[in-house]
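The sequence and structure are shown first.

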Amino acid sequence: MEKLQSIDRRVIYLILASGIISVLLNPIGLPIKITEETLMAYRAVDSLKPGSIVVLSFDYGASNVPELHPAAIAILKHAFKKDLNVVCVALNVEGGNWASSALNQVLKSYPEKRYGVDYVNLGYKPGGQVFLEKMALDVMDACAGVDASGTRLSDLPLMGLFRKAQDISLVVSFTAGEPGYPQWISIIGVPYRVPVTCATIAPGVPAAIPLVKSGHLRGVLKGMRGAAEYELLIGEKAQAVSGMDALSVGHLLIIGFIVAGNIGFIGEKFRKKQAGSAARGNGKLETLGH
């Protein structure tokens, strides 16, 4: 019982590290209930016809990658599976790099996808709300006529189909702050009747839910949990599922250590109580003997 209360902290750290690393390398897919908000976002993408234009807006930076990047990868995979035309853009200064990262990762599984025909990366575009207002009327003008690498948009066949807001079938904003989905809704979504959905960090979920209820958002992916749900919906357990497995295993191990420590504490307390009772009994016997 004393050993249960005094397990070396290094042993605890080693067990935690081993458990977490094992599920990160080999996701086991612990049960996750699919929420209605995630299902709505999935249906918004899945219901689109092949060739529809989907704008993926990478509105986050490095600090929010664990929660939002897996969602971006999952939705990008879904879009390519559906043969949708994907246009990536970023309202966050770091977002353009993460758009490239997501594309590079997903394209390994879709080598048949051609740049400029099936997808385009516009990169980071400064201005936020001003950029969106210009893009709604003239995409070429808003982007100064070039993509993320400086290629002329007029040389890309896909951009011949994407001239203004009305050409968009769906906007997906991966939002960590502003600008993000609120601007997409107010400037593109409502005025031009373009459906908008999003993935957001956990602290941003309470602000997004009322917009889902009002119909301004077609669902929302809630942090890493939402990304894991989306991975399960498209049948690919990846970064988010392994991340949720790691969180769950870590929590279960910590709870196990707490329970073990309390069992040791209660057991040791009971043992001392029994030893005290036995000592008092022996003392009474000695007194009677005298």
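Two strands pair if DSSP finds at least two bridges between them. In this predicted model, six strands form an open, parallel-paired sheet in the order β3-β2-β1-β4-β5-β6. β3 (119-124) and β6 (220-222) are the edge strands, each pairing on one side only. From one strand to the next, the twist averages 15°.

Strand β5 (residues 196-200) runs parallel to strand β4 (residues 170-175), and five bridges join them. Two of the facing positions are tabulated below.

| Residue | Opposite residue in β5 |
|---|---|
| V172 | T197 |
| F174 | A199 |

Helix α9 (residues 205-214) lies across β5 and β6 and runs at about 155° to β6.

The helix pair comes next. Helix α4 (residues 65-81) and helix α5 (residues 95-106) have axes that come within 10 Å and cross at roughly 50°. The two helices are therefore oblique to each other, and α4 passes α5 in a right-handed crossing. From α4, the residues V65, H69, I73, L76, K77 and F80 meet W98, S101, A102, L103, Q105 and V106 of α5. By class, this contact has eight nonpolar, three polar and one charged residues.

Conventions:
Residues numbered from 1 in each chain as written. Predicted model: local features only at pLDDT ≥ 70, side-chain atom pairs only at ≥ 80, totals over all residues. Heavy atoms only, no water. Axes fitted to C-alpha atoms, helices over the stretch in contact; angles between N-to-C directions. Helix = DSSP H or I, 4+ residues; strand = E, 2+ residues; numbered from the N terminus. Parallel < 35°, antiparallel > 145°, perpendicular 65-115°, else oblique. Left-handed = near helix turned anticlockwise from the far one by under 90°. Contact = heavy atoms within 4.5 Å. Nonpolar A, V, L, I, M, F, W, Y, C, P; charged D, E, K, R; others polar.
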